[in-house]
Amino acid sequence: MDPTVYCPTWAPFFGFAGVFAAMAFSSLGAAYGTARSGIGIAGIGPFRPELVMKSLIPVVMSGIIAVYGLVVAVLIIGQMSPTSGYSLYTGFVSLAAGVSVGMGGLAAGYAVGVVGDYCVRAYARENRIFVIMVLILIFAEVLGLYGLIVALILNTKSDNTICE
């Protein structure tokens, strides 16, 4: 078996594309969630300043989404080395892992942003909605966590032994 067929010099491109997808899309989701939730917080701040600290929960949850992408990007980069081989299989698995966590983070960020904006505004009118807001935000955040879990499972399947 010829390792150059399965381990071409351009195979790490797909691994780096996975790193890009993980970081870019999860960061975009986190940024959107933070911005959209921040709009709601800024809207209630002048009228109910005592609620602003409890209303920061969607912003914190949005930031966690970017951490999911960072974890997967670090795991993918950890498999790469300029001196050892990198298989096409590992490249495609890394790309799939990056897209998985990235798109999960993008969806979660969008959901946290929309829910955060509307629920923070509703919380300013009725304090009892706080528990419902937190529950909905948890279920929105779990979309990103599902992407992270799939990416971690994919990452364990990578194999560069054919390149040695």
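What covers the buried residues of α5? The cover includes α3 (57-78) and α4 (88-125). Buried means under 20% relative accessible area, with exposed over 50% and partly exposed in between (1.4 Å probe, protein chains only). This is a predicted model, in which local features need pLDDT of at least 70, side-chain atom pairs count only at pLDDT 80 or more, and totals for chains, interfaces and linings use all residues. Residues are numbered from 1 along each chain as its sequence is written, and side-chain values use heavy atoms, with hydrogens and water left out.

**Helix α5**
- Helices here are DSSP runs (H or I, at least four residues), numbered from the N terminus.
- Helix α5 covers residues 130-156, 27 residues in total, and reaches 39 Å from its first C-alpha to its last.
- That is close to the 39 Å expected at 1.5 Å a residue, where the expected span is 1.5 Å times one less than the number of residues.
- A kink of about 25° is centred on L143; the bend at a residue is the angle between axes fitted to the seven residues ending there and the seven starting there.
- The buried residues of α5 include F130, M133, L137, E141, G147 and N155.

**α4 against α5**
- The two helices α4 and α5 pack at an angle of about 175°, with their axes 7 Å apart. Axes are lines fitted to C-alpha atoms, for helices over the stretch in contact, and angles run from 0 to 180 degrees between N-to-C directions.
- α4 and α5 are therefore roughly antiparallel to each other (angles over 145 degrees count as roughly antiparallel, under 35 as roughly parallel, 65 to 115 as roughly perpendicular and the rest as oblique).
- By class, the contact of α4 with α5 has 22 nonpolar, seven polar and one charged residues. Ala, Val, Leu, Ile, Met, Phe, Trp, Tyr, Cys and Pro count as nonpolar, Asp, Glu, Lys and Arg as charged, and the others, Gly among them, as polar.
- S100 lies in helix α4 and is buried, with a relative accessible area of 17%.
- Leaving aside neighbours within four places in sequence, S100 is in contact (heavy atoms within 4.5 Å) with G147, V150 and A151.

**α3 against α5**
- Here the packing angle of α3 and α5 is about 5°, and the axes are 10 Å apart.
- α3 and α5 are therefore roughly parallel to each other.
- This contact of α3 with α5 has 18 nonpolar, three polar and one charged residues.

**α3 against α4**
- α3 and α4 pack at about 175°, with axes 9 Å apart, which makes α3 roughly antiparallel to α4.
- The contact of α3 with α4 has 10 nonpolar, seven polar and no charged residues.
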